[in-house]
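Open the model in your viewer and keep the sequence panel beside it. This tour goes stop by stop: what to select, then what is there.

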Amino acid sequence: RERVFFEFERSLICASEAFYRFAGLGLGETGKASNLTGQESVILQQLMFSSKPRSVSVLSRFTNRDDISNIQYSLRKLTAAGLIEKVSGSTNRDTRYQPTEKGRKLTDELVAIRRELLIGPGAICPTLRRS
């Protein structure tokens, strides 16, 4: 049983790492130029699909991470790349982030790639691809 559980854990780790690699690659040239990773892609998507700016603590809860300093580093990288911007509150703890127009455009491109590769008619069965 222990061996089966180990293999299951290993599969989860491999799937998780593959997802973050895929998410990072989806950022394309912008991601390469700014040294962005899958973690930054996930944060950008969370900000993009949120109806309002989000704080570090909300992003931390969403990503199930407690490494606040690393999340802040990711936010600095996304800000430097011009993909997000700060929306200041009354204190530093109230600072929230939202995507810029450049961030929205990049996320739209990422969603289109994901749709084509994973959701579209030919993604699962190539014979369903439209001519």
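Select Gln 46 and show what surrounds it. Leaving aside neighbours within four places in sequence, Gln 46 is in contact (heavy atoms within 4.5 Å) with Arg 54, Leu 59 and Phe 62. Gln 46 lies in helix α3; helices here are DSSP runs of H or I with at least four residues, strands are runs of E with at least two, and both are numbered from the N terminus. Gln 46 has 15% relative accessibility, so it counts as buried. The classes are: buried, under 20% relative accessible area; exposed, over 50%; partly exposed, in between (1.4 Å probe, protein chains only).

A note before moving on. This is a predicted model, in which local features need pLDDT of at least 70 and side-chain atom pairs count only at pLDDT 80 or more, while totals for chains, interfaces and linings use all residues. Residues are numbered from 1 along each chain as its sequence is written, and side-chain values use heavy atoms, with hydrogens and water left out.

**The nonpolar core**

Next, select Ile 43, Leu 44, Leu 47, Leu 75, Leu 78, Leu 83 and Ile 84. Of the 15 residues in the largest nonpolar core, these touch the most other members. Helices α3 (38-48), α4 (56-63) and α5 (68-80) each supply at least two residues of this core. The term covers buried Ala, Val, Leu, Ile, Met, Phe, Trp, Tyr and Cys residues joined through side-chain atoms within 4.5 Å.

Stay on Leu 83. Which residues is Leu 83 in contact with, leaving aside its neighbours within four places in sequence? Thr 30, Leu 36, Leu 44, Leu 78, Pro 99, Thr 100, Lys 102, Gly 103 and Leu 106.

**Ala 23**

Go to helix α1 (residues 2-25) and pick Ala 23. Is Ala 23 buried or exposed? Its relative accessible area is 3%, so Ala 23 is buried. Not counting residues up to four places away in sequence, Ala 23 touches Gly 38 and Ser 41. Now draw a C-alpha to C-alpha distance from Ala 23 to Gln 39: 7.8 Å in space, across 16 residues in sequence.

**The sheet**

Switch to cartoon view and colour the strands. The sheet is open, with three strands in the order β1-β3-β2 and antiparallel pairing. β1 (54-55) and β2 (84-87) are the edges: each has a single partner strand, so one side of each is left without a neighbour in the sheet. Two strands pair if DSSP finds at least two bridges between them. β1 and strand β3 (residues 96-99) run antiparallel and are joined by two bridges. To find one, select Ser 55; its bridge partner in β3 is Arg 96.

**Salt bridges**

Last, show charged side chains. A salt bridge puts a side-chain nitrogen of Lys or Arg within 4 Å of a carboxyl oxygen of Asp or Glu. The count by this rule is six.

Start with Arg 65 and Asp 67, whose side chains meet at 3.0 Å, N to O. Arg 65 is buried at 15% relative accessibility. Asp 67 is partly exposed at 25%.

Then return to α1. Salt bridges with shared partners join Arg 3, Glu 7 and Arg 10 into one network. Glu 7 meets Arg 3 at 3.3 Å, N to O. In the bridge from Glu 7 to Arg 10, the closest N and O atoms are 3.6 Å apart. Glu 7 and Arg 3 are four residues apart, about one turn of the helix. Glu 7 and Arg 10 are three residues apart, so about one helical turn separates them. Glu 7 is partly exposed at 27% relative accessibility, Arg 10 is partly exposed at 44%, and Arg 3 is exposed at 59%.
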